[in-house]
Amino acid sequence: MKNKWKLGFLVLLGINLLIAIILFSFVTAPIKDKEPVKTNTSSEDYVSFHVKSNKYDLNRLINHYLQEEAADSPIEYKVLLGDEVELYGTLPFFSEKLKLKLTFEPSAQKNGDLILKQQSMSVGKLHLPISYVLNFIREKYKLPKGVEIRPRDHLVYIHMQQLKQKSDLKIRVDKFNLKKDDIAFTILVPVK
């Protein structure tokens, strides 16, 4: 009779161990993740808002953006909107820093980008070729992503939708007439 109890105990112990091993394997097994559904970025992924602005507010916004994006640039510069777009900065020349001022005529493109065509330039009392100064700015100044300087064409091309924005916002320029203070944008907000 002792062997029956012993055999029953061992069978019950084996069943309990088997159940414990099965439960342990279920608990420690990795969860199978589903693959996320890939979506194509299209205009349906954005909601558009039309915004009108003025030079004063846009000056504040541009220079705040430049401070954040070019904070670690060795050369300080700022942009002011008057009747034209004006860029102020410094140009190292031997041991001196020469004051630099460039003026641009802005024009909104159909694709929402902005072109700044160079109009005038002053570097102290020095007369330097415009392409030289634009090339120097392109090489030495830290510009935000999406700002392309084309020295040969005497212009700055701003790819508005490449500019880094919070929350993946995209911006398109609709109107940019500084003389009439008529500035309008479309802001595309992601809804994906």
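Reply: What follows is a close look at the strands and their pairing. This is a predicted model, in which local features need pLDDT of at least 70, side-chain atom pairs count only at pLDDT 80 or more, and totals for chains, interfaces and linings use all residues. Residues are numbered from 1 along each chain as its sequence is written, and side-chain values use heavy atoms, with hydrogens and water left out.

Let us begin with an open sheet of three strands, whose order is β1-β9-β8 and whose pairing is antiparallel. A strand here is a DSSP run of E with at least two residues, numbered from the N terminus, and two strands pair if DSSP finds at least two bridges between them. The edge strands of this sheet are β1 (46-53) and β8 (170-177), each of which pairs on one side only. From one strand to the next, the twist averages 15°, an angle between axes, which are lines fitted to C-alpha atoms, taken between N-to-C directions on a scale from 0 to 180 degrees. Strand β9 (residues 182-190) pairs with β8 in the antiparallel sense over seven bridges, and within β9 it is F185 that stands opposite V173.

We can now turn to strand β4 (residues 96-108) and strand β5 (residues 114-123), which run antiparallel and are joined by nine bridges. β4 and β5 form a hairpin with five residues between them, and G112 in the turn has a positive phi of about 95°. The bridge partner of L100 is V123 in β5. β5 also pairs with strand β7 (residues 155-158), in the antiparallel sense and over four bridges, where L116 has V156 in β7 as its bridge partner.
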